[in-house]
Amino acid sequence: LPPRRDSRLFVKDLHFDEVPVRLYLPKVPSTSKRRGVLFFHGGCGMFGSIRGYERICQYIARKSDSVVVSVGYRLSPEHQYPAQTLDCLTATVHFLKTAEKYGVNPDRIIVCGDSAGGTFTASVCQELVNRRDIPKIRAQVLIYPLLQVLNFNLPSYQKNAFIPFLSRDHTVRFVLKYLRKDCAMKEAILAGSHVPESMNLKYRKWINPDLIPEGFKLGYKPPLPAPFLPQVHEETKELFETRLSPLLAEDAVIRCQPDTCIITCEHDVLRDDGLLYKKRLEDNDVKVTWYHMEESFH
């Protein structure tokens, strides 16, 4: 969509510690400091831009009377992982430190993102757990996030395997391209051959179709066991880092997460990632609001 300026908002392009951002500030004076929203756009870490999400960020700023900061993190493959997460983290820390300069209450800042932006949102919140020199993130909003890359045979992956625009095959291909890996490994990863049995056993308590509510498992068939391929595992070790798979974070980190809003869609391979993270957060006494969009897709 072509760019469109909104007469109700001040819009300014800035850099937060060298990370490009676009700031949306309501023009109507406020009697108190406003909320702040950091927005990380989707696009598998390879697509998307500040401009591409301009209308969404304008809408959030207007409707919530908040100062919105849209983060233009560097994209892969020109900039190798984890540059994307690190840019989001850098912009977040900068905004938390300088919020009052933009009329924002530093104790009322949320982070928000869709798809891969949801991955970056969850990762940033986890990485800030032990920071004592900056205000705490007030809440996180995860819009159909990708939160694990171990199991591509969960019920939502089976049900929506051929749904456009994010099919099961495309998901794995995008992840491999994002990491600048050989896409010839796609079939092995789809089968789960990149995960050693010891790791499957360790993470089964968190990534398991048995944890998905029965209403979301209609037609689900457990996949046949796949042989472990050590070479594929060695080539894709990044998949097991919490920056790519926030669902693998330990309970000590999960229980320190801020209030969370999770949005899932019915026709989306990533639906179960959101459901599994919701359960993990709730099991660790984190307040979660969940919206499931029926008849909607990624």
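Mentor: Gladly! A salt bridge here is a side-chain nitrogen of Lys or Arg within 4 Å of a carboxyl oxygen of Asp or Glu. Keep in mind that this is a predicted model.

Trainee: Let's take one of them. Which residue forms a salt bridge with R138?

Mentor: The closest N and O atoms of this pair are 3.0 Å apart, and the rule asks for within 4 Å. R138 sits in the loop between α3 (116-127) and β6, while its partner belongs to strand β7, so the pair ties together parts that are 121 residues apart in sequence. The partner is D259.

Trainee: And which residue is the bridge partner of A139 in β7?

Mentor: Strands β6 (residues 139-143) and β7 (residues 259-267) pair in the parallel sense, over five bridges. For A139, the bridge partner in β7 is D259.

Trainee: Zooming out, which strands stand at the edges of the sheet?

Mentor: Eight strands make up an open sheet with mixed pairing, in the order β1-β2-β4-β3-β5-β6-β7-β8. Two of them have a single partner strand each, so one side of each is left without a neighbour in the sheet. Those are β1 (9-16) and β8 (288-297).

Trainee: What angle do neighbouring strands of this sheet make on average?

Mentor: Direction is ignored for this value. On average, neighbouring strands are turned against each other by 20°.

Trainee: Which helix packs on the sheet, touching β1 and β5 among others?

Mentor: The strands this helix touches also include β2 (19-26), β3 (34-40) and β4 (66-71). Its direction makes about 170° with that of β3. The helix is α2 (residues 83-98).

Trainee: Now the domains: how much area do domain 1 and domain 2 bury between them?

Mentor: The assignment gives domain 1 (9-143) and domain 2 (155-240), with 30 Å between their C-alpha centres. In contact are 10 residues of domain 1 and six residues of domain 2. Of the buried area, 62% is on carbon and sulfur atoms, and the total is about 810 Å².

Trainee: Which residues of domain 1 lose the most area to domain 2?

Mentor: Together they account for 53% of what that side buries. They are C44, M46 and Y81.

Trainee: Finally, how many residue pairs are in polar contact between domain 1 and domain 2?

Mentor: Salt bridges across this interface number zero by the rule. For polar contact, with both residues at pLDDT 80 or more, the count of residue pairs is four.

Key
Residues are numbered from 1 along each chain as its sequence is written. This is a predicted model: local features need pLDDT of at least 70, side-chain atom pairs count only at pLDDT 80 or more; totals for chains, interfaces and linings use all residues. Side-chain values use heavy atoms; hydrogens and water are left out. Two strands pair if DSSP finds at least two bridges between them. Helices (H or I, at least four residues) and strands (E, at least two) are DSSP runs, numbered from the N terminus. Axes are lines fitted to C-alpha atoms, for helices over the stretch in contact, and angles run from 0 to 180 degrees between N-to-C directions. Contact means heavy atoms within 4.5 Å. Domain bounds come from an automatic or database domain assignment. Buried area is the accessible area (1.4 Å probe) that two parts lose on being put together, summed over both. A polar contact is a pair of N or O atoms within 3.5 Å; within protein, one must be able to donate a hydrogen and the other to accept it, and residues adjacent in sequence count only if both atoms are side-chain atoms.
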